[in-house]
Amino acid sequence: MRIRIVDAFTSRPFTGNPAGVCLLPAAPWPDDAWLGRLAAELNHPETAFARPLPAGAGADWEIRWFTPLVEANLCGHATLATVHTLRREGLLTGGPVRFLSRSSGLLTAWAEDGESGESGAGGAGGEITLDFPAAPVTEAAVPAGLADALGIRPEAVFRTGALGDLLAVLPDENAVRALRPDLAAIAALTLREEARGVIVTAAADPAESGYDFVSRFFAPARGIPEDPVTGSAHTALAPYWAARLGRADALTGLQASGRPGLVKVALHGDRVRLTGRAVTVLEATLRV
């Protein structure tokens, strides 16, 4: 089996969010423990495994995602990386590609043709758009210990429903960038609150900086101390910022990690479209 390492939500190598991508044959899934061990071996925030489905299955591929510790319910950047890989392998038919997921239903993606960004075999192609379920946010009390874990008291905190994250709103972009959270405390808090992780966000400063809001994402209890660029978190960020800014489309988020990336978002009813690019940085052959 070939393994690809793809940097997602970027057109430049060594930025954005790295994902493992493994395209499996049209056969039953390997053992879950084996999938988990391979994801742990790759040790990227997420590894996507996809297998083709037969005609009439209602989707083209079935997809699963694993962190180094657990199977995930939804992952944006590894899905984008998978679409990028399918395009490079000539496995897209020209229309949308449909993924069947176990926890998040049917996910659809579109890939533009053309090459842009870095030159070379792994260079980014045209933009890729993912259609994911939106995660409506509900304001909640600030959980005990969150301010201490973050090192700052959020202006507001929201629950994100089935996504399972806590969304903490900070006063400004500098506060998001300067954050140095206590990751052990974040891990304990998210386990206690039965949350996947903590999203922090603020408006862009200045507003004409080329993006509308910034964010960071921490999920240490899931094996991801800080995720570089989290597509799934933007399914909650999109409805929050659409309501706050009075705009449902043409919003751009910058995830201000050490490997930053841009995510374009557009809210369409109960769905969110996430758009970005990807670049392949490594291809290898599994020997076991």
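Good morning. Let me begin with residue classes: Ala, Val, Leu, Ile, Met, Phe, Trp, Tyr, Cys and Pro count as nonpolar, Asp, Glu, Lys and Arg as charged, and the others, Gly among them, as polar. By that division, the lining of the largest pocket has nine nonpolar, six polar and two charged residues.

The structure before you is a predicted model, in which local features need pLDDT of at least 70 and side-chain atom pairs count only at pLDDT 80 or more, while totals for chains, interfaces and linings use all residues. Residues are numbered from 1 along each chain as its sequence is written, and side-chain values use heavy atoms, with hydrogens and water left out.

First, the overall form. The protein has six helices and 18 strands; these are DSSP runs numbered from the N terminus, helices being H or I of at least four residues and strands E of at least two. The C-alpha atoms fill a box of roughly 50 × 40 × 35 Å along the principal axes. Of the 288 residues, 54% count as buried, where buried means under 20% relative accessible area, exposed over 50%, and partly exposed in between, with a 1.4 Å probe and protein chains only.

I return to the pockets. A pocket is an open set of points on a 1 Å grid over the protein atoms alone, where a 1.4 Å probe fits, with protein on both sides within 12 Å along at least five of seven lines; lining residues have an atom within 4 Å of a point. The largest pocket has a volume of about 300 Å³, a volume being the space filled by probe spheres set on the points, which are joined across faces, edges and corners. Its lining comprises 17 residues, and closest to the centre are Asn 73, Leu 74, Ser 104, Ala 162 and Leu 163.

The second largest pocket holds about 250 Å³. Among its 15 lining residues, Phe 9, Thr 10, Ser 11, Gly 261 and Leu 262 lie nearest the centre. Here the lining divides into four nonpolar, seven polar and four charged residues. Which strand supplies the largest share of this lining? That is strand 16, with three residues. Strand 15 (251–255), strand 16 (261–268) and strand 17 (271–276) each give at least two.

Next, Ala 202, in strand 12 (residues 198–203). Ala 202 counts as buried because its relative accessibility is 0%. Beyond neighbours within four places in sequence, Ala 202 has contacts, meaning heavy atoms within 4.5 Å, with residues including Leu 170, Asp 172, Phe 213 and Trp 241. Pro 171 is 31 residues away from Ala 202 in sequence, yet their C-alpha atoms are 6.3 Å apart.

Finally, the backbone. Asp 205 and Pro 206 are joined by a cis peptide bond, with omega about 0°, and Pro 206 lies in the loop between strand 12 and strand 13 (213–219). Glu 194, not a glycine, has a positive phi of about 55°; this residue sits in the loop between helix 5 (183–193) and strand 12. Ala 250 also has a positive phi, near 55°, in the loop between helix 6 (234–245) and strand 15. Glu 194 is exposed, at 73% relative accessible area, and Ala 250 is exposed at 59%.
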